[in-house]
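Colleague: I have a model open and want to learn how to read its features. Can we go through it piece by piece?

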Amino acid sequence: MELQEAINQRRSVREFKDKPVERDIITKIVQLAQRAPSWVNSQPWEVYCAMGDSLQQIKDAYREQDAAGNHGQNGA
């Protein structure tokens with residue numbers, strides 16, 4: 001796939017299946033992402049992978065914020 005084609009076909013997904021992603025797939029995605037270029041090879045990113053109870057706590061916190069009417073910055 002050419003760069004322009006990849007950019008033109010890019011899309012955002014905001015609806016997800018309730019199916020766990022296998023750990024080896026997550027590992028592969030992170031390994032590939034580490035190959036992305038960064039300014040002066042600074043590699044400023046940090047990756048966190050939440051699973052199990054930690055993931056459920058994050059989901060619950062976002063659900064509470066949504067129920068309280070806090071829907072993020074909405075482009076502000």
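Colleague: Is P20 buried or exposed?

Modeller: This is a predicted model, so read every value as computed from it. Exposed means over 50% relative accessible area. P20 has 71% relative accessibility, so P20 counts as exposed. P20 sits in the loop between α1 (3–9) and α2.

Colleague: Now the loop between α2 (23–33) and α3 (52–67). Is S38 buried or exposed there?

Modeller: Buried means under 20% relative accessible area. S38 has 19%, so S38 is buried.

Colleague: What does the side chain of S38 reach?

Modeller: The backbone nitrogen of S42, at 3.2 Å. Then look past the neighbours within four places in sequence: S38 is in contact with Q43, P44 and W45.

Colleague: Which residues other than glycine have a positive phi in that loop?

Modeller: N41 is one of them, with phi near 55 degrees. Q43 is another non-glycine with a positive phi, about 45 degrees. N41 lies in the loop between α2 and α3, and Q43 is found in that loop too.

Colleague: On to helices. What should I keep in mind about how side chains point?

Modeller: An α-helix has 3.6 residues a turn, so residues three or four places apart point the same way.

Colleague: What follows α3?

Modeller: G69, with a positive phi near 90 degrees.

Colleague: How much space lies in the largest pocket?

Modeller: About 780 Å³. The largest pocket is lined by 19 residues, and the closest to its centre are F16, K17, K19, L55 and K59. Two elements, α2 and α3, each give two or more residues to the lining.

Colleague: What is the lining of the largest pocket by class?

Modeller: Sort the residues into nonpolar, polar and charged. The lining has 12 nonpolar residues, one polar and six charged.

Conventions. Residues numbered from 1 in each chain as written. Predicted model: local features only at pLDDT ≥ 70, side-chain atom pairs only at ≥ 80, totals over all residues. Heavy atoms only, no water. Helix = DSSP H or I, 4+ residues; strand = E, 2+ residues; numbered from the N terminus. Buried < 20%, exposed > 50% of the residue type's maximum accessible area, 1.4 Å probe, protein only. Polar contact = N/O pair within 3.5 Å; in protein donor to acceptor, adjacent residues only side chain to side chain. Contact = heavy atoms within 4.5 Å. 1 Å grid on protein atoms, 1.4 Å probe; cavity = no way out; pocket = protein on both sides within 12 Å on 5 of 7 lines; lining within 4 Å. Points joined across faces, edges and corners; volume = space filled by probe spheres on them. Nonpolar A, V, L, I, M, F, W, Y, C, P; charged D, E, K, R; others polar.
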